[in-house]
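Student: Could we go through this structure together? I would like to begin with its charged side chains.

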Amino acid sequence: MQRQLYFTPGPAQLYPTFEEHLKTALHEQVGSISHRSKKFKAIYQHTAEQLKELFSLPNDVAVLFTGSATEIWERVLQNCVAEESFHLVNGAFSKRFYEFATELGKRAAKQEAAFGEGFDVHAVTIPAMAELVCLTHNETSSGVSMPVADMHRLKQQHPDKLFVVDMVSSAPYPALDFSLIDSAFFSVQKAFGMPAGLGVWLVNEKCLKKSEMLKQQGFVIGTHHSLPSLWSKYQSYETPATPNVLFIYLLGKIAGDMNRKGLSVIRRETDEKAKGLYEFLQESQRYEIFVKKPAHRSATVIVANVADGSTDLIQGLSTAGFVIGSGYGSYKEKHIRIANFPAVNIDEVQQLIEKMRSPITA
Ligand SMILES: *Cc1c(COP(=O)(O)O)cnc(C)c1O
């Protein structure tokens, strides 16, 4: 079978060292150890330490594991909101996060931007009653990214509110300041280059205090995965339920590789690859960059309109060994989405650009 290169926005190309770490994990029989054993605690501790280093986390931020990022949408709303949350909505993922709040019986306020647009941070009005501000760093459906400086500015203007950032399709790229941002989360099948099956929740003590208060007041804050239950087990590097031990192990190894390479190098390479892709799309007659405002263009999920439709192009590229994403929802046959994650290198991005340069069809 011909090996494909995956430029899909998740699941995506696996990190180059994934296979080697998987083999080591099998050799070490990670799949059979007890999640109450010393061995597991050492694995959890190692992974937490690598992520703390990678994200420059202050000491009061915990590294917690869930089933998915979607689960964390629910958990953070249950644990940090009594009455009202506020959401910036500009695509399918930020919208779903907002809808979860309503489904959980919270009063959810939102400010919306058109699909493909970001927010003018000076025109964002956060309601006084909002307890939790929910931001999406990278709207995977449209390729819009919210500048980190804008998220920090909003928090500085509202220091009394908790801020959570969905960084599922960009982490570890955004340089979030975790002395400002209270919580952020991701799942591993996007920029960490792993198969799907693990959510990672970075969350500070202020959020824990809030959830303990809600629990005391009789709010339902989750059963097996409430913030207090995850946090108390975390104190001894354990989890409330039997977790995905294998993936916690593998994530620690990949985060370790990223630390050795250096996050500044990963960010520089991401910028360089994104620049190459956007310049190519800009110059080409066939493609049109979907996000008009350069400051709001994602470095990790690049979205373009294809003049003659994207279906045949995607099929043709796939036959040539390059798998890219189709448009989201109603843009399925018009757009392409190209993931620019750390697992693909500059050479591979260049190869993709060369393929796209030739008038490829199915
Ligand atoms: C993929 C994605 C999610 C959901 O992640 P799961 O791992 O499927 O739960 C949430 N937010 C954004 C921005 C995403 O791209």
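**Salt bridges and burial**

Tutor: Lys 210 and Glu 131 form a salt bridge, with their closest N and O atoms 2.8 Å apart. A salt bridge here is a side-chain nitrogen of Lys or Arg within 4 Å of a carboxyl oxygen of Asp or Glu. The model is predicted: local features need pLDDT of at least 70 and side-chain atom pairs count only at pLDDT 80 or more, while totals for chains, interfaces and linings use all residues. Residues are numbered from 1 along each chain as its sequence is written, and side-chain values use heavy atoms, leaving out hydrogens and water.

Student: Where do Lys 210 and Glu 131 lie?

Tutor: Lys 210 is in helix H6 (residues 205-216) and Glu 131 is in the loop between strand S4 (107-112) and strand S5 (132-136), so the pair ties together parts 79 residues apart in sequence. Helices (H or I, at least four residues) and strands (E, at least two) are DSSP runs, numbered from the N terminus.

Student: Is Lys 210 buried or exposed?

Tutor: Lys 210 is buried, with a relative accessible area of 17%. Buried means under 20% relative accessible area, exposed over 50%, and partly exposed in between (1.4 Å probe, protein chains only). Glu 131 also counts as buried, at 14%.

Student: How many salt bridges does the structure hold?

Tutor: The structure holds 20 salt bridges. One of them joins Arg 75 to Glu 71, with the closest N and O atoms 2.9 Å apart.

Student: How far apart are Arg 75 and Glu 71 in helix H3?

Tutor: They are four residues apart in helix H3 (residues 69-80), so about one helical turn separates Arg 75 from Glu 71.
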